[in-house]
Amino acid sequence: METTLLLVSLSIFSLLIAFFILPRKTHRNLPPSPPSLPVIGHLHLIEQPLHRAFQKLSKTLGPIFSLHLGSQLVVVVSSQSAVEECFTKNDVVLANRPMFTVGKYFRYDYTTVVASPYGDHWRNLRRLMSVEIFSTNRLNAFLSIRQDEVGHLLHRLYQKSSNGFAKVEMKSKLSDLTFNVIMRMIAGKRYYGEDLENSAEAEEFRELVSEVFSSGVASNPADFLPVLRWIGYNGFEKNLAKTQKRFDKLLQGLIDEHRKDNCKNTMIDHLLSLQESQPEYYTDEIIKGLMNVMILAGTDTSAVTLEWAMSLLVNHPEVLKMARAEIDSHVGQDRLINEHDLQRLSYLQAIISETIRLCPAAPMLLPHMSSDDCTVGGYNVPQGTLLLVNAWAINRDPKAWDDPTSFKPERFEVEKVEGHKLMSFGFGRRACPGVGLAQRVVGLALGSLIQCFEWERVGEDLVNLTEGNGLTMDKAEPLEVMCKAREVMKNVFSGGACDA
Ligand code: HEM
């Protein structure tokens with residue numbers, strides 16, 4: 001209570017200082033902006049989910065508008081043509097990331113690929129990732145991990161549903177799948193699911209990761225009202241520092257383990273061999289940064305995409321039926337689907353594209369920052385502006401998509417939709433480098449779920465598709481659904497074995 005009172009008084013004090021002493025910088029020809037309040041600017045307009053609040057503003061202000069979030073000028077773009085201008089003509093200028101407090105702690109002082117400013121270091125990290133992690137060779141080398149983890153998922157569902165329809169909760173199972181895929185790629189360890197050999201270590205890992213995820217959602221008020229920093233408001237930073245210290249220790253522990261025994265085929269082992277030849281660049285800090293990014297960017301994104309896809313499918317049984325027919329005709333019921341089948345399953349691919357169009361895991365992409373003055377749509381975007389892209393709104397823009405809010409996978413079969421029209425993985429040089437891995441994990445898992453089980457809604461009502469407020473766009477209500485094993489499961493798992 002005392003702390004709250006102190007915080008409130010400090011905030012009021014700081015607002016007064018800011019109001020009377022620090023006039024906001026004015027710029028000419030900025031994108032339109034709604035009326036603002038002194039000091040906090042438009043902070044009072046910020047409500048969750050952000051993409052919906054910003055879509056509402058764009059309906060009155062147009063596809064390019066600006067806000068002052070405290071002292072930070074923000075430009076929000078919500079049209080395809082504006083995004084194209086941002087990431088073609090202005091791609092280099094807008095390739096920076098903002099220096100939010102969270103990046104100082106969770107992104108190793110802005111040295112990880114997600115948070116690093118645009119420049120040589122960032123370029124090196126992207127090159128390193130594309131060779132050491134996301135190259136076709138590396139992704140193929142980790143194929144057995146993906147198959148094995150999908151096998152675990154199928155087995156868990158089979159245990160419940162081998163004798164008829166059973167109610168299953170999907171969110172945690174899909175999350176276990178993607179976390180295990182990434183952790184096995186990084187360190188060869190399974191930390192999620194049932195029957196774990198290392199249960200105490202796994203529990204500590206899971207607890208810490210969920211803490212890191214929830215701290216990553218919060219933004220530091222001082223990032224927008226720097227005056228709070230001057231008057232000593234640092235409780236937020238102290239908490240971040242504490243969590244990051246524990247997370248760092250855990251990542252370091254994994255590196256040390258592999259340093260003692262590096263004969264495994266994991267990301268840590270590959271990076272440690274690079275460290276031997278170039279120790280000054282491939283420091284432990286850089287390796288921990290890459291591990292951190294893989295965990296934070298590569299897990300939830302794929303898991304929520306799968307959960308949205310399953311939710312949309314049970315709400316549209318006719319689409320589910322067509323997807324199953326496609327898999328049955330190409331793969332049959334005698335063996336499980338594999339990644340090589342995916343390219344022939346165009347309707348399954350269309351379902352995935354339609355899911356990420358309607359429910360992009362990162363609806364506002366990641367924030368970009370301008371390193372110089374530029375113009376977008378004829379408006380000035382000064383140096384130091386935070387640029388937000390409302391990918392969610394663009395993916396539902398009636399000017400770009402026919403019947404935009406309906407789930408219609410066929411749209412992706414009829415015409416070849418250009419990559420940039422589907423904004424969900426970003427666009428330009430900072431676009432997602434993990435697309436290939438995400439497509440393999442999501443494709444294999446979704447195809448397997450459709451091939452191996454029948455799916456129905458729990459009751460008559462449609463599955464609620466309201467978004468939650470997670471760091472990635474999750475569902476407000478975790479998906480529960482009825483599932484029943486199909487013939488192929490009996491063929492493959494009849495002995496209870498789990499070798500997909
Ligand atoms: C369905 C799954 C995924 C979606 C929808 C997604 C989406 C995105 C988006 C929208 C961005 C920001 C683009 C921008 O700033 O313009 C991004 C960046 C990034 N993603 Fe993904 N992602 C997914 C999966 C993954 C996976 C599996 C990994 C790695 C294991 C990954 C690693 C990254 C990294 C490292 C960045 C930062 C790139 C940079 O700043 O240079 N993502 N992703």
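In the predicted model, the buried residues of helix H13 are covered by elements that include H5, helix H6 (136-141), helix H8 (171-187), helix H12 (235-260) and helix H14 (284-298). Helix H13 itself spans residues 267-277 and is mostly covered, with eight of its 11 residues buried. These buried positions are Met 267, Ile 268, Asp 269, His 270, Leu 271, Leu 272, Leu 274 and Gln 275.

Arg 107 lies in the loop that runs between helix H4 (101-106) and helix H5 (120-132). Although Arg 107 is buried, no salt bridge is formed by this residue. The nearest side chain of opposite charge belongs to Asp 223, 11 Å away. When neighbours within four places in sequence are left aside, the contacts of Arg 107 are Val 102, Thr 112, Val 114, Ala 115, Asn 292 and Leu 296.

Cys 432 is located in the loop between helix H19 (410-414) and helix H20 (435-452). Apart from neighbours within four places in sequence, Cys 432 is in contact with Arg 126 and Phe 425. The SG atom of Cys 432 is the single donor from the protein to the iron atom of the ligand, at 2.3 Å. In the unreviewed UniProt entry, the annotation "binding site" covers Cys 432.

Key
Residues numbered from 1 in each chain as written. Predicted model: local features only at pLDDT ≥ 70, side-chain atom pairs only at ≥ 80, totals over all residues. Heavy atoms only, no water. Helix = DSSP H or I, 4+ residues; strand = E, 2+ residues; numbered from the N terminus. Buried < 20%, exposed > 50% of the residue type's maximum accessible area, 1.4 Å probe, protein only. Lys, Arg positive; Asp, Glu negative; His and termini not counted. Salt bridge = Lys/Arg side-chain N within 4 Å of Asp/Glu carboxyl O. Contact = heavy atoms within 4.5 Å. UniProt positions renumbered as here; feature names shortened; annotations may be inferred. Donors = N, O, S within 2.8 Å, 3.2 Å for Na, K, Ca; no water.
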